[in-house]
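Here is a briefing on one protein chain. Look at the structure first, then work through the points below.

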Amino acid sequence: NAQTTNYEAYSLFVMNIAKYSSWPNTTGELRITILGKSKIYDHLQKQAESKQFNGLSLKVSQAEHVSDASDIHIIYVSDGKSSALQELVKNTQGKPVMIIAEREGLFKKGAGFSFIITDNNTLRFDINNSELEKRNIKIAKNLSTLANSVM
């Protein structure tokens, strides 16, 4: 009963989360880094070529280690790098960096968003509002209404 991950769906969610969020002092480009190897990178690269958000171009990069991810707005933690979440939360403390985790439940451990696949195989997300507020990141109310759960 192997489940294939629909990275195109994940990338669309990440793009929409980015679209309905705002960071302090953002000019020029919105920088997204994928931590670890994930096929979402290719999908986000494609999106970045054709999209702009609020006048910002999109720059997508990949990092293997938490220390390689600096000067970014969004870091997407691939499933294989979930164990690095605590280090990532600590390294980005007080900085306007949104952490989006691929693995379910990580919003309870410091990620701003984490994905969840519901019983009927629908991709949804959970939000940690207090973590986003600590990081001075504002999200549109409609994101909260679309969330599976919010804390």
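Helices (H or I, at least four residues) and strands (E, at least two) are DSSP runs, numbered from the N terminus. Asp71, for example, sits in the loop between β4 (56–63) and β5 (74–77). This is a predicted model: local features need pLDDT of at least 70, side-chain atom pairs count only at pLDDT 80 or more, and totals for chains, interfaces and linings use all residues. Residues are numbered from 1 along each chain as its sequence is written, and side-chain values use heavy atoms, with hydrogens and water left out.

**Overall build**

- The protein chain has 5 helices and 10 strands.
- Its radius of gyration is 14 Å, close to the 15 Å that the globule rule gives for 151 residues, so the chain is as compact as a globular protein of that length.
- The radius of gyration is taken over C-alpha atoms, and the globule rule is 2.2 Å times the number of residues to the power 0.38.
- Along the principal axes, the C-alpha atoms fill a box of roughly 45 × 30 × 30 Å.
- Contact means heavy atoms within 4.5 Å. Among contacts between residues at least 6 apart in sequence, 60% join residues at least 24 apart.

**Surface and charge**

- Buried means under 20% relative accessible area, exposed over 50%, and partly exposed in between (1.4 Å probe, protein chains only).
- Of the 151 residues in the protein chain, 46% are buried.
- The accessible surface comes to about 8,100 Å², and 45% of that belongs to carbon and sulfur atoms. Accessible areas come from the Shrake-Rupley method with a 1.4 Å probe; for residues, only the protein chains shown count as cover.
- The chain has 18 positive and 15 negative charges, and their mean positions are 4 Å apart. Lys and Arg count as positive and Asp and Glu as negative; His and the chain ends are not counted. The place of a charge is NZ of Lys, CZ of Arg, CG of Asp or CD of Glu.

**Aromatic rings**

- Rings of Phe, Tyr and Trp (its six-membered ring) pair if their centres lie within 6.5 Å; planes under 30 degrees apart count as stacked, over 60 as edge-to-face and the rest as tilted.
- The whole structure holds 6 aromatic pairs.
- In one of them, the ring centres of Phe13 and Phe125 are 5.7 Å apart and the planes are at 75°, so the pair is edge-to-face.
- Phe13 lies in helix α1 (residues 7–19) and Phe125 in strand β8 (residues 123–127), so the pair ties together parts that are 112 residues apart in sequence.
- Phe13 is partly exposed, at 24% relative accessibility. Phe125 is buried, at 3%.
- Ring pairs link Tyr7, Tyr10, Phe13, Tyr76, Phe113, Phe115 and Phe125 into a cluster.

**Residues to find**

- Ala147 lies in the loop between α5 (141–146) and β10 (149–150). Ala147 is buried, with a relative accessible area of 10%.
- Not counting residues up to four places away in sequence, Ala147 touches Arg124, Phe125 and Ile127.
- Lys46 belongs to helix α2 (residues 40–50). Lys46 is exposed, at 55% relative accessibility.
- Asp71 is not a glycine, yet has a positive phi of about 55°. Asp71 is exposed, at 59% relative accessible area.
- Asn121 is not a glycine either, and has a positive phi of about 65°. Asn121 is in the loop between β7 (113–117) and β8.
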